[in-house]
Structures are given as structure tokens and as C-alpha cells.
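Hi everyone, thanks for coming. Let me put the structure up on the screen, and then we'll take a short walk through its inside together.

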Amino acid sequence: MFLLHLEARDFRNYRELHFEPHPSLNIVRGQNAQGKSNFIEALYYSLRGFSYRAAREVELIRWEKESALIKSIWRLVEGDPDLNIRTVVKPDRKEIQLNGRPVRRGELVNRTGVVLFTPEDLWLIKGGPEGRRRFLDRELGVFSAGYLEDLQQCRRALTQRNALLRQGGGSRAENELWTEQVCRYGARILSARLKLLRDYVPLACRLFNRWVGEDLNIRYQSSVVVNGADAGLLESNLAKATQHRKEEELRVGQTLSGPHRDDLQFLINGRDARSFASQGRQRAIILALKLAQVRFWQLRTGKQPVILLDDVLFELDAPRRQAVLEALEGEAQVFLTVGDAVFESVSEHKSFYVTDGNLREEG
Ligand code: ATP
Ligand code: MG
């Protein structure tokens with residue numbers, strides 16, 4: 001899919017934005033704090049209905065203004081009708097319309113594909129497990145029907161169950177209800193993650209091996225015994241684990257088994273990348289993960305996702321930067337931001353320059 005037109009009003013520091021992209025490569029340049037990341041955020045927000053960088057959505061509305069508006073038009077597949085997405089952000093709510101019909105944000109996931117790569121992703125290996133779980137949930141979970149709903153249900157049940165644990169366990173009926181829900185939804189998430197990883201991991205590992213010539217292995221580390229990806233079996237494993245840690249859970253006031261405690265481990269030639277891999281190797285892993293996401297979209301949906309790269313290319317060394325550009329060449333529509341430097345791209349593209357929320361095409 002590709003963007004045909006983007007318009008925004010009072011989004012972050014953009015008063016008015018009208019953007020006519022190139023079908024393949026779009027480069028946005030500018031000095032610090034001028035609106036490059038805001039532009040990438042606007043595209044992502046339009047495609048997903050949430051921001052990956054705003055703590056609260058009111059931050060998206062230009063200061064002193066009542067609401068922000070983003071309109072985007074996408075061509076999904078040649079010959080199909082275009083997709084119009086209109087999003088209004090107000091201080092207390094947002095409204096999303098697809099081709100004039102109000103929808104919930106969850107529906108966007110079924111229609112559009114996007115792969116985002118920001119400097120925060122470079123923490124995926126070194127950072128804490130929440131980041132890796134977010135990766136599983138947000139980036140891979142969208143490929144599994146019902147995943148996001150299961151995740152919501154599981155979170156709700158966990159909140160209730162943890163509250164009971166902190167009050168000494170609650171009544172037996174309450175306790176059983178929420179324990180059962182945690183196990184049911186938790187097992188579904190676990191099962192979906194394992195199935196997704198089965199297909200996704202080889203893609204990432206092959207890319208890594210091709211670039212670096214070393215073996216990458218990605219392992220799912222679970223708080224539950226994992227013997228296959230069958231949800232029913234996992235549910236009973238999760239129930240057993242919970243039963244087993246009953247006393248401990250009451251002591252700490254937290255649910256200790258389930259997908260919310262799990263992690264991903266990255267191994268290069270059998271060694272834990274978190275402790276042993278150089279910064280360059282860690283970046284190569286992340287790059288492989290991201291490009292594998294692009295391939296995953298293509299395989300699962302037969303469509304090209306849109307690729308958003310905020311400031312990451314210059315974090316990579318020249319050969320890897322080249323590898324990214326080559327891997328992306330002709331694959332999908334790319335939007336990338338770079339600093340003020342002139343960007344040495346060889347492929348056909350459009351270049352834009354942004355100053356204080358004004359975006360202009362260059363050349
Ligand atoms: P860098 O190169 O440092 O990453 P950038 O061009 O990516 O810079 P952005 O993050 O896109 O910068 O833009 C930051 C600018 O947007 C800041 O000047 C900030 O004050 C402004 N800004 C952020 N939110 C709003 C808002 N709601 N209303 C008006 N301006 C805002
Ligand atoms: Mg930025």
C-alpha cells in the first residue's frame with residue numbers, strides 16, 4: 001500500500017500540512033526540533049490511531065488549539081478503491097473514520113500495514129523485558145486474529161486479580177473467577193506468540209546470518225512450562241503454575257505466571273546477545289527484526305506495509321545503512337527522516353525540508 005496524500009491541521013507543531021509523497025522513497029530533512037519526528041508520528045497515528053511517543057494524546061494537539069486533524073489517502077492494491085482515513089483528536093476523545101464511516105481504532109490494523117523503526121527500538125536488546133513484550137504484542141500480535149482483544153481481557157483480569165492478592169486473596173469465588181480468566185486469556189496470548197514466532201523468527205535469523213555470517217537464535221522464555229503451542233494445554237500449564245506459586249503471589253501481591261512475565265532472548269552463536277554482543281551486532285539484530293517484519297507483512301497479507309524510519313539510518317554504520325536501503329529498494333513506500341545532512345540516496349525519491357512545522361519539497 002502507499003500514501004497518495006496527507007493533510008494535517010494543528011497536529012503537534014504543524015499548523016497546516018499538505019504532503020504529496022513519492023510512491024517509493026521520501027526523505028525528510030531538517031534541524032533539531034523542527035517537526036521531523038512529528039511528521040512520522042502523524043503518519044503512524046493516521047494508520048494506527050494511537051501514538052507510540054505521546055504519554056497523553058492531548059500532547060498531539062497544537063498548543064492553544066481545540067483539536068488536531070489528520071487526513072490521509074492510501075492506495076491499498078492497484079485497482080482497489082482508495083482508503084480515506086480521517087482522524088480528529090480532541091482533549092477527551094478521538095474520532096476515526098474510514099471512508100466516511102466511524103470506526104474503532106482496532107479496525108485500522110485489519111486494513112493497513114506499517115513498520116516503524118525509531119531510535120527507541122535500538123533498546124530492544126539492552127532494555128528491560130517490557131520493551132520486548134511490547135514488540136511481541138504490538139508488532140507481531142497484529143497478525144493474529146483476536147490477539148489485541150485477548151490482551152485487553154488478560155490485562156483486565158490481571159488488574160483485578162492483583163488487587164485481590166493485595167487484599168489477601170478475596171473471596172474464593174472472586175479468586176477463582178479472575179484466576180480462570182488470567183489462565184484462559186493468558187494461554188491464548190502465549191499460544192499466539194509461539195505460533196507467530198515459529199514463522200517470524202526464521203525470517204529474522206536468515207537476514208542476520210546473511211549480513212553478519214553468524215548464527216542468530218531467538219528464544220521465547222516463559223514463566224510457564226511450554227510444551228507445544230496448543231492453547232488448551234498451555235491453559236492447564238498456566239493453571240498449574242499459578243496453583244504452585246499461590247503462597248508467593250499472596251506475599252508479593254502479584255500474579256507471577258503468564259505472558260506478562262515472559263521475555264525474548266537473543267543468542268548469537270549460542271551466547272546471550274544482551275550480555276555479550278557488541279553494539280554493532282545488537283543493531284544488526286534489531287535491523288534484522290525490523291526487515292523481517294516487512295517480509296512478514298508481505299507473506300501474511302500479500303501486501304506491502306508502509307515503512308517509517310525516524311532518525312535511525314544515521315545511527316547505523318555505512319555498510320548497514322546501505323544494506324537497509326538495498327533491502328527496502330522497490331519493496332514498499334518508505335518515509336525516513338535524517339538530520340540536516342544531505343542524504344546520499346541513489347534511488348529515485350522526493351526530498352522535503354522542514355522548518356518550524358513548515359514542510360516543503362526540495363529541489
Ligand atoms: P530532532 O532532530 O531533535 O529529533 P525533530 O525535527 O524530530 O527534531 P520533532 O520532535 O518533530 O523534532 O518536533 C519537536 C518540536 O515540536 C518541538 O519544538 C516541540 O516544542 C514541538 N511540539 C511538540 N508538541 C507540540 C504541540 N502539541 N504543539 C506545538 N508544538 C509542539
Ligand atoms: Mg526527531
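Predicted model: local features only at pLDDT ≥ 70, side-chain atom pairs only at ≥ 80, totals over all residues.

What is Phe-266 in contact with, once we leave aside its neighbours within four places in sequence? From elsewhere in the chain come Ile-125 and Arg-132, then Leu-216, Asn-217 and Ile-218. Arg-271, Asp-272, Ala-273 and Arg-274 are on the list too, and Ile-285 and Leu-289 complete it.

Some of those names come back when we look at the largest nonpolar core, which has 64 residues. The members that touch the most others there are Phe-266, Ile-218, Ile-285, Leu-289 and Leu-336. Helix 5, spanning residues 172-212, is the top contributor to this core, giving 14 residues. Apart from that core lies another, made of 40 residues, including Tyr-44, Ile-61, Ile-85 and Leu-308.

A quick word on rings: the structure holds 11 aromatic pairs. One aromatic cluster brings together Phe-135, Phe-143, Tyr-200, Phe-296 and Trp-297.

Now for a polar residue, Gln-333. Where does it sit? You'll find Gln-333 in the loop that runs between helix 10 (318-328) and strand 13 (334-337). Is Gln-333 buried or exposed? Its relative accessible area is 1%, so Gln-333 counts as buried. Its side chain reaches the backbone oxygen of His-22 at 2.8 Å. Again leaving aside neighbours within four places in sequence, Gln-333 is in contact with Met-1, Phe-2 and Leu-3, with Pro-21, His-22, Pro-23, Ser-24 and Asn-26, and with Pro-305, Val-306 and Ile-307.

Definitions and conventions:
Residues numbered from 1 in each chain as written. Chains lettered and ligands numbered in written order. Heavy atoms only, no water. Core = buried A, V, L, I, M, F, W, Y, C linked by side-chain atoms within 4.5 Å. Buried < 20%, exposed > 50% of the residue type's maximum accessible area, 1.4 Å probe, protein only. Helix = DSSP H or I, 4+ residues; strand = E, 2+ residues; numbered from the N terminus. Contact = heavy atoms within 4.5 Å. Phe/Tyr/Trp six-rings, centres within 6.5 Å; stacked < 30°, edge-to-face > 60°. Polar contact = N/O pair within 3.5 Å; in protein donor to acceptor, adjacent residues only side chain to side chain.
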